[in-house]
Amino acid sequence: MPTPPILQAVLPDDQIFRRLMHLAGPVAGAELLDRLAEDLQAVQTGLTHAAAAPADWLAIRAHSHVLVALAGAVGATPLQTLAEDMNRLAHLQRGDALPGLVAATLPLLDRLIRFVTDQKADPGHKADPGQNASPPP
Amino acid sequence: MTDPALLLIEDTPSLQLVYASVLKSAGHTVRMASTAAEGLEMFMAQPARVVLLDLMLPDRDGLALMQDLLAHQPEARVIVITAHGSINKAVEAMRAGAHEFLVKPFDETRLLGAVENARGGRGTRRAAAASLARSAPAPVPAPSGAFIGTSEPMARIHAKIASVARSMATVFITGESGTGKELCALAVHGNSTRANGPFIALNCGAIPQDLLESEVFGHMKGSFTGAISDKPGAATAADGGTLFLDEICEMAPALQTKLLRFLQTSTVQPVGSTRPRKVNVRIVCATNRDPLDAVRRGHFREDLYYRLYVVPIHMPPLRDRGADVIEIAETALTRFAEEEGRRFIGLTPDVIALFRRLPWPGNVRQVLNVIRNVVVLNDGGWVTLDTLPEDLTQSYSQPAPQPVALNAPATVQTIDSLVGMTLAEAERAVIEATLARHGGSVPKASRVLAVSPSTLYRKIESWGKTGGDAAPPL
């Protein structure tokens, strides 16, 4: 079944991701994927709990802060943008907009975790079936 | 002994690995800590010259940790990493002595550029910079005018310059015209470890906007009509030193974007060139306007403002510097008399009293001009009231300052007419009368009222919102 466009958009930028893996090298690259998966899962769990009423704004700030950095590092720009919005929201403690933002963020985060896990299992796996894998610059 | 390895303090394991991978691939050795406590312990055991520090750590505020690191090893260069949206925290860190800040998410070019700068530049420059960093800062030549004076406001300025000079932090100097903003920039440069490098000053308000990009970033031969040879811009010329951008608020929006990019990447791309070049430049900028007001009005980019407004230094107007005016006048008298081959004894008590009373709207520059005038037009002896320029004595020779209202036309004839008004109404009446007296010129009225033009514009705008009489013609 083809990947729905909204989920395609959350996949990391192939070039950025491959560049990162190239810099890390095969050994550290495998470790990086392990840690990435763990850190993203920790954010997922943390956000799910923190966003449940009443919102734990401090925890949301901390988790969204990490998510901005992780999503940005692998080139998952739409997820990074959502995390930035959530971080801003946590600073303002605006509860009204939180459920919608969390609902938009968590599926994309889940998709990114699956992508990283797939990479662990099959390092040759492409970021997007439609994209050509160009060699790292 | 200082460890050449970088110390990375970051609590998210995958981010630790991301930073380490990039740094190692560029040839750096990295030690890693996951908590503030672990980082401090590693630093105490073996201080690092460059520290990459995430400000958000699980066990302690990163800023407090940075202060401990710098207290133990003042030469350490700390690059702080902060989240998008927490720029204020980064600014706070820069004021507390951080060398540079990076905003998450991670950007390979910016990370390596910041580390490169912190380590002292690239290639052959590295050895020179390291040697510079080891030696004591070059003494600042005693500047004239603005930096003469022992008043409390100036003592604070000197202390601030001394404390910020060591850092790479951008310094944003504000102050009225003639208060010595460029001398302040020179003092920052002269007290820094890059004192032996170039100091390049560029007045953004004096160069036509269409030439400004070429002046700042340079151009290649043939890139536009009149570009008959390659020209390095001010940013390249300042490599290894300081680039002083005066009247920064006058910079065109398009160039502001390029300046922001330059600040983020430390690379310049001359007009017509396809290849960027990395430079190591400290930025000091200045304006006589209120920069935040320029941001509010949409004349100045907010992100650029936050990038530049790291260590603000406000040069006090001369009228707030007490007896400094006398010291400045006497020093200038000695110097100018020597230059012109005249013999002057000093200022008479009348002149001293007058100088203390005058508001000096042109600040130090005005005092220097007055003294130059006296020296050129008189043979020597005492500087008396008679030897001063006529317009100076005519305007201000009254024994005590008179209320503005007494000289203002129509709307405010006497001080009595202000009695019964609210303070806001009285203020408005005085401002309107002053504007009327100066043909509606806000800059002229602002000089007389000793406020910045932006303050007047803001007030006029607020009257428009609250209704009432029409604003005076501008």
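Predicted model: local features only at pLDDT ≥ 70, side-chain atom pairs only at ≥ 80, totals over all residues.
## Two helices at an angle

Angles under 35 degrees count as roughly parallel, over 145 as roughly antiparallel, 65 to 115 as roughly perpendicular and the rest as oblique. Helix 14 (residues 324-340) of chain B packs against helix 16 (residues 363-377) of chain B at about 40 degrees, and their axes are 9 Å apart. Helix 14 of chain B and helix 16 of chain B are therefore oblique to each other. The crossing of helix 14 of chain B with helix 16 of chain B is right-handed.

Who does the touching? On the helix 14 side of chain B, the contact is made by B:Val325, B:Ile328, B:Ala329, B:Ala332, B:Leu333, B:Phe336, B:Ala337 and B:Glu340. Helix 16 of chain B answers with B:Val364, B:Val367, B:Leu368, B:Ile371, B:Arg372, B:Val375 and B:Val376. Sorted by class, this contact between helix 14 and helix 16 of chain B has 13 nonpolar and two charged residues, and no polar ones.

## The nonpolar cores

The largest nonpolar core has 128 residues. Those that touch the most other members are A:Leu70, B:Val51, B:Leu53, B:Val78, B:Ile79, B:Val80 and B:Ala235. Helix 2 (residues 14-51) of chain A is the top contributor to this core, giving 13 residues.

B:Leu53 is worth a click. Setting aside neighbours within four places in sequence, B:Leu53 is in contact with B:Ile9, B:Gly62, B:Leu65, B:Met66, B:Val78, B:Ile79, B:Val80 and B:Ile81. There's also a second, separate core of 20 residues, and its members include B:Phe355, B:Trp360, B:Val374 and B:Val375.

Most residues other than glycine have a negative phi, and most peptide bonds are trans. The bond joining B:Lys104 and B:Pro105 is cis, with omega about 5 degrees. To find B:Pro105, look in the loop between strand 5 (100-103) and helix 5 (108-119) of chain B.

B:Trp360 isn't a glycine, yet its phi is positive, at about 45 degrees. B:Trp360 sits in the loop between helix 15 (349-357) and helix 16 of chain B. Since 20 or more other C-beta atoms within 10 Å make a residue buried, B:Trp360 counts as buried because it has 23 C-beta neighbours inside 10 Å. B:Asn363, another residue other than glycine, has a positive phi near 55 degrees. B:Asn363 belongs to helix 16 of chain B, and its 25 C-beta neighbours inside 10 Å make B:Asn363 buried too.

## A partly exposed threonine

B:Thr257 lies in helix 11 (residues 253-265) of chain B. Is B:Thr257 buried or partly exposed? With 13 C-beta neighbours inside 10 Å, B:Thr257 counts as partly exposed. From B:Thr257 to B:Asp303 there are 46 residues in sequence, and C-alpha to C-alpha the two are 9.4 Å apart in space.

## Where the chains meet

How many residues does the contact take from chain A and from chain B? It takes 21 from chain A and 16 from chain B. On the side of chain A that touches chain B, the elements giving two or more residues are helix 2, helix 3 (57-74) and helix 4 (77-92) of chain A. Helix 2 of chain A gives the most to that side, with nine residues. By class, the side of chain A that touches chain B has eleven nonpolar, five polar and five charged residues.

Methods. Residues numbered from 1 in each chain as written. Chains lettered and ligands numbered in written order. Axes fitted to C-alpha atoms, helices over the stretch in contact; angles between N-to-C directions. Helix = DSSP H or I, 4+ residues; strand = E, 2+ residues; numbered from the N terminus. Left-handed = near helix turned anticlockwise from the far one by under 90°. Contact = placed C-beta atoms within 7 Å. Nonpolar A, V, L, I, M, F, W, Y, C, P; charged D, E, K, R; others polar. Core = buried A, V, L, I, M, F, W, Y, C linked by C-beta atoms within 7 Å. Buried ≥ 20, exposed ≤ 12 C-beta atoms within 10 Å, placed from the backbone.
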